[in-house]
Amino acid sequence: MVDLHVDLCGIELSNPVIPASGTFGYGYEFAQWYDIDILGSLSFKGTTREPRYGNPTPRIAECPSGMLNAVGLQNPGVEKVLSEEMPKLKEHFHKPVMANVSGFSVEEYVTTVSKLEREDQIGWYEINISCPNVHGGGMSFGTDPCQAAAVTEAVRKATKKPILIKLSPNVTDIAEIARACEASGADGISLINTLMGMRIDIHTGRPILKNVTGGLSGPAVFPVALRMVYQVSQAVKVPVVGMGGITTAEDVVEMMLAGATAVEVGAANLIDPFACKKIIEDLPGVLEGIGVKDIKEVIGGSHRG
Amino acid sequence: MKQGTFEITQNRHLTDAILEMRLKGDTSAVTVPGQFVELALPGFFLRRPISVCDRNEAELVLVYKTVGKGTEALSKMRTGDLDLLTGLGNGYDVSASGKEPLLIGGGVGIPPLYLLAKELLQEGKRVQVILGFNKEEEIFYEKEFKDLGCEVHLTTVDGSKGVKGFVTDAMTDLEYTYFYSCGPLPMLRAVFKQSKTSGQFSLEERMGCGFGACMGCSIQTAEGTKRVCREGPVFRKEELPW
């Protein structure tokens with residue numbers, strides 16, 4: 001038997017596989033496909049203080065080995081998440097959940113986290129300072145170390161629960177941002193959010209996405225994500241949650257070898273609703289194949305000699 | 001909703017750009033006309049949402065249009081297996097039809113109306129259908145609807161067959177108790193304005209997942225934000241803020 005347990009900021013996960021925010025709703029949509037209690041945890045849809053409709057459609061475009069999205073943080077707002085979405089999530093998922101929080105000002109992040117404090121099932125906060133699809137907020141906090149530090153510091157004061165800061169890859173030196181977050185009280189770092197991109201329809205000459213630009217995800221970004229996880233996990237002491245294009249159990253092992261303690265699976269859920277289930281089922285065999293009995297052994301394995 | 005492997009038994013051109021594909025497999029999740037499938041295409045990342053034209057216990061019929069590289073690749077497949085998510089979306093509500101429903105389809109919006117017409121006829125309704133095209137060469141399924149027992153009215157924009165003009169030009173003289181429509185957005189909006197009764201519209205949108213997870217296809221309705229893939233693709237006239 002291969003041991004798949006990992007510890008993420010003091011909370012034990014039965015396995016390191018976590019569906020990524022924005023690709024798994026509030027969980028219950030996937031409960032129609034399989035028992036979601038098999039997941040390590042799940043990061044719910046990015047939640048803001050106010051309800052958000054998001055961007056106009058088209059919000060989605062196909063890319064080689066991936067996709068662009070410009071959803072723009074559509075969510076019902078923190079109050080409805082607590083009163084309507086969480087009760088539905090609880091029917092199907094009984095483990096600590098990761099609360100993904102977005103905002104347009106430091107105060108908004110703090111207010112949203114403070115409200116979510118009354119929900120006991122939240123194990124961690126994943127503070128999204130990296131959404132590329134909204135204007136005047138989101139990613140702007142994640143591309144400047146001082147602003148990233150300011151959000152981290154403010155949220156740190158609002159909760160005793162572990163906070164992970166979700167970083168943008170659309171920066172020159174991601175390790176510098178990660179260090180700024182760690183120094184300001186982050187308990188972990190999660191990365192990467194999507195890479196900013198665009199597509200143009202050659203027949204109309206116009207961008208496919210109404211928002212013009214969107215975030216690239218899927219297997220196309222995996223090598224970029226892996227490189228950044230490798231760099232960040234050596235730049236900070238806190239645990240790193242790695243994501244970006246993970247599709248198979250092999251990808252999970254590779255991401256953990258790069259330095260991730262746990263992983264998030266995003267776009268793969270959208271093209272195969274059973275993606276996370278298959279990855280979790282395949283993990284023991286893949287680990288056995290490389291002679292590993294405890295998955296914790298592979299974390300950061302590529303850093304050594 | 002179900003995931004399953006389907007075998008291609010036929011994939012033939014009905015017109016230059018419209019094809020009819022027959023697929024053998026477990027169709028049990030397809031329960032209502034107006035639902036769609038998400039089809040995985042080898043070599044492409046996202047699945048492709050395609051409405052169900054017809055079904056029986058062992059077979060699905062999809063009628064689709066080649067509009068890009070994905071459907072172009074699909075049009076060249078003659079044999080082999082396809083991975084499908086079936087039973088997606090909220091289809092047409094047959095119970096609202098009254099005695100004499102009118103079905104209004106434009107171009108590649110026509111296929112989901114076929115299974116709907118079948119079910120309405122089985123319930124003993126008098127079914128009138130308006131099929132709208134740009135020109136005669138693009139006409140498909142006229143005979144199929146007639147063979148079911150529908151009263152078919154054709155329109156072509158260039159007047160090469162049937163009533164010259166748009167589907168709305170054929171609506172003027174018809175009496176109906178309710179309507180069901182599917183087609184391009186400008187057509188649906190025109191039908192919305194011209195219709196004398198309540199009815200239902202099937203909408204199209206670029207989708208990420210097709211089963212409600214990504215919020216890629218959300219639209220604003222009179223009753224708040226809804227997902228075309230989950231609460232739709234069929235919406236009641238009263239829901240649409242047109």
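In the predicted model described here, Gln234(A) lies in helix 6 of chain A, which covers residues 222-235, helices (H or I, at least four residues) and strands (E, at least two) being DSSP runs numbered from the N terminus. Residues are numbered from 1 along each chain as its sequence is written, and chains are lettered from A and ligands numbered from 1 in the order in which they are written. Because the model is predicted, local features need pLDDT of at least 70 and side-chain atom pairs count only at pLDDT 80 or more, whereas totals for chains, interfaces and linings use all residues, and side-chain values use heavy atoms, with hydrogens and water left out.

With a relative accessible area of 44%, Gln234(A) is partly exposed; on this scale buried means under 20% relative accessible area, exposed over 50%, and partly exposed in between (1.4 Å probe, protein chains only). A polar atom of the side chain of Gln234(A) lies 3.0 Å from the backbone oxygen of Tyr230(A). The C-alpha atoms of Gln234(A) and Ala31(A) are separated by 37 Å, the two residues being 203 residues apart along the chain.

Helix 4 of chain A, residues 145-158, has 14 residues and reaches 20 Å from its first C-alpha to its last, close to the 20 Å expected at 1.5 Å a residue, where the expected span is 1.5 Å times one less than the number of residues. At the start of helix 4 of chain A, the backbone nitrogen of Cys146(A) has a side-chain oxygen of Asp144(A) within 3.1 Å. The buried residues of this helix are Pro145(A), Ala148(A), Ala149(A), Val151(A), Thr152(A), Ala154(A) and Val155(A), and what covers them includes helix 3 (106-116), strand 7 (122-128), strand 8 (163-166) and helix 5 (174-183) of chain A.

Over all chains the structure holds 29 salt bridges, a salt bridge being a side-chain nitrogen of Lys or Arg within 4 Å of a carboxyl oxygen of Asp or Glu. In one of these, Glu79(A) pairs with Lys115(A), the closest N and O atoms being 3.2 Å apart; Glu79(A) lies in helix 2 (residues 78-92) of chain A and Lys115(A) in helix 3 of chain A, so the pair ties together parts that are 36 residues apart in sequence. Glu79(A) is partly exposed at 36% relative accessibility, and Lys115(A) is partly exposed at 28%. Glu79(A) also meets the side chain of Arg118(A) in a salt bridge (3.0 Å, N to O), which links helix 2 of chain A to the loop between helix 3 and strand 7 of chain A, where Arg118(A) is found 39 residues from Glu79(A). Arg118(A) itself is exposed, with a relative accessible area of 54%.

In chain B, a salt bridge joins the side chains of Asp54(B) and Lys118(B) (2.9 Å, N to O). This pair links distant parts of the chain, with Asp54(B) in strand 5 (residues 54-55) and Lys118(B) in helix 2 (residues 111-122) of chain B, 64 residues apart. Asp54(B) is buried, with a relative accessible area of 13%, whereas Lys118(B) counts as partly exposed at 24%.

The contact between the chains, with contact meaning heavy atoms within 4.5 Å, takes 28 residues from chain B and 33 residues from chain A. The area buried between chain B and chain A is about 2500 Å², of which carbon and sulfur atoms give 61%; buried area is the accessible area (1.4 Å probe) that two parts lose on being put together, summed over both. In chain B, Phe45(B), Arg206(B) and Phe211(B) lose the most area to chain A, together 29% of what that side buries.

Three salt bridges are counted between chain B and chain A, and one pair, Arg230(B) and Glu29(A), meets in a salt bridge at 2.8 Å, N to O. Across the interface, 11 residue pairs are in polar contact (both at pLDDT 80 or more), a polar contact being a pair of N or O atoms within 3.5 Å, of which, within protein, one must be able to donate a hydrogen and the other to accept it, and residues adjacent in sequence count only if both atoms are side-chain atoms. On the side of chain B that touches chain A, strand 14 of chain B gives the most, with three residues.

Thr57(A), found in the loop between helix 1 (28-31) and strand 4 (60-63) of chain A, counts as buried at 18% relative accessibility. A polar contact of 2.9 Å joins the side chains of Thr57(A) and Glu205(B).
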